[in-house]
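Here are some notes to read alongside the model as you find your way around it. Take the points in order and keep the 3D view open.

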Amino acid sequence: MATLFLFLSFLLLSFHFSSSESFIGVNYGQVADNLPPPSATAKLLQSTSIEKVRLYGADPAIIKALANTGIGIVIGATNGDVPALASDPNSAAQWVNSNVLPFYPASKIILITVGNEVLMTNDPNLINQLLPAMQNVQNALNAASLGGKVKVSTVHSMAVLSQSDPPSSGLFSPSYQPALKGLLQFQKENGSPFAINPYPFFAYQSDSRPETLAFSLFQPNAGRVDSGNGIKYTNMFDAQAPVLSVMVLMTFFFHVVPKYIRAGHCNNSRFALPGFHLWLDVDVDAVHSALSAMGFKDVEIMVAETGWPYAGDSNEVGPSIENAKAYNGNLIAHLRSMVGTPLMPGKSVDTYLFALYDEDLKSGPASERAFGLFRPDLSMTYDAGLSKSSQTPSTPQNPVTPVTPQPKPTASGWCVPKAGISDAQLQASLDYACSQGIDCGPIQPGGACFEPNTVASHAAYAMNLYYQTSGKNLWNCDFSQTATVTIIASILVGAPEKADQGDLKLSKENE
């Protein structure tokens, strides 16, 4: 039975790696004078797990460079284009003829965004022209036999919500609802996504408490309970969730967990990936609730922009390499998990990271010019786990607190407590392991790995550390038959008693 389980696990893992991660996209802004040639960018993107690119315009050189790459392309009509597109169907037809037809299907154009955060302009004329502009572009696509192949949408700021806390009470601002009702009806009829620009970074700037940073960066935190439905938005997977598919679990077991252990995180002895419910989940679920309240719960949500700057001015709160790496890297891991959000479980929302490169000609604070995942020389600004050769980031669970490095395990696996072992037995094994010269300081009060303060978690840490430093022989992981070696970093280590209690409660760019 165990052999069959492992075979199926590896089979499912292979499926995961061979399948595309079509929910991961990136924004390709061009407010810069030092960007690499589009052809070089196309090669860069092909070396990553990025499957979609969002442009704010429709640069023909970029669209052409992405031909035959299989990368989905979102192109944009600017706010300045909206009046002409709305007033003249021929203008919309010409726009499609110029920006879509010469390149499609070799260049995989999948979506046209008409305007960016138009409702935030508070220009009644422009707002009233948005829906007719989208309708005319859609009609032009239909006439070119591209209806249903290339979608039409627009992008909104999170400020369209008048209420988002708690997420279950999410509502659109009454002043925007008349316009949104027409837009959403159009999107429901044509199957296009409702695109939003959530930025937890800005939420943190207005509330810079440590717990807010942890909540924003997918790091361990106490969580926040939605008073409307009791769902706890936090960042921990405490135990195996039976409702998850086997494929999702195997993806975690083999793809994510082992790399976190190899990275030497203090929680290497229990499954504690950084954040699975955080500000982004709160934002997305708030939008879902707002859509449901207006009768459009089936309209898909797309995160058109989200990111974290790696640098900023001295008076800016939050920008740093560590925080940017934590946010983007953990977000990518979250998307790959396919866990979804509490109100939309089991799927990952299409998410476009901001941004591919820094845009050095942007105005404003220094952080505005420091969102790039890659430098102009095509090197990584930091490793967010996007490279196909290293698809899971080694982001620290707590960037500001150094973690004691642990020995790197090899193919011989990990030593984990067996399920069903009593605390008394585990305490005896813990005492023995710590008496053999290993460093148990991190699991002492005040240590980096003291929390969660349970015998099971501390024993798992000590058992595995002893095993890794003692030759990795089977007898180094016996502990009076309370432990076992596994090639799967068990999510139950640290909480084996919960084996049957799965808990799944788990735009700046206006060009």
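1. A word on naming comes before anything else: helices (H or I, at least four residues) and strands (E, at least two) are DSSP runs, numbered from the N terminus. Residues are numbered from 1 along each chain as its sequence is written, and side-chain values use heavy atoms, with hydrogens and water left out. Please keep in mind that this is a predicted model, in which local features need pLDDT of at least 70, side-chain atom pairs count only at pLDDT 80 or more, and totals for chains, interfaces and linings use all residues.

2. Now the overall picture. The protein has 14 helices and 16 strands. Of its 511 residues, 54% are buried, where buried means under 20% relative accessible area, exposed means over 50%, and partly exposed is in between (1.4 Å probe, protein chains only).

3. Next, look for the barrel. Eight strands form a closed barrel in the order 1-2-3-4-5-8-11-14, with parallel pairing; two strands pair if DSSP finds at least two bridges between them. From one strand to the next, the twist averages 25°. Such angles use axes that are lines fitted to C-alpha atoms, for helices over the stretch in contact, and they run from 0 to 180 degrees between N-to-C directions.

4. Strand 2 (residues 52–55) and strand 3 (residues 72–77) pair in the parallel sense over three bridges, and R54 has V74 in strand 3 as its bridge partner. Strand 11 (residues 301–306) and strand 14 (residues 351–353) also pair in the parallel sense, over two bridges; here V303 is partnered by T351 in strand 14.

5. How many of the residues of strand 3 are buried? Six of its six residues are, and the strand is mostly covered. G72, V74 and G76 point one way from strand 3, while I73, I75 and A77 point the other way.

6. Helix 7 (residues 177–190) lies across strand 5 (151–157) and strand 8 (194–197). Helix 7 runs at about 145° to strand 5.

7. Y204, in helix 8 (residues 200–206), is buried, with a relative accessible area of 7%. Leaving aside neighbours within four places in sequence, Y204 is in contact (heavy atoms within 4.5 Å) with R209, T212, L213, S216, W308, V317 and G318. Y204 and V317 are 113 residues apart along the chain, yet their C-alpha atoms are separated by 7.9 Å. N328, in helix 12, is buried too, with a relative accessible area of 0%. Not counting residues up to four places away in sequence, N328 touches T306, G307, W308, L353, L373, Y382 and A384.

8. Some backbone details deserve a check. Most residues other than glycine have a negative phi, and most peptide bonds are trans. A cis peptide bond joins Y104 and P105, with omega about 10°, and P105 lies in the loop between helix 5 (89–99) and strand 4 (109–116). The bond from D165 to P166 is cis as well, with omega near 0°; P166 sits in the loop between strand 6 (161–163) and strand 7 (171–172).

9. Q481, which is not a glycine, has a positive phi of about 65°. Q481 lies in the loop between helix 14 (455–469) and strand 16 (483–486) and is exposed, with a relative accessible area of 57%.
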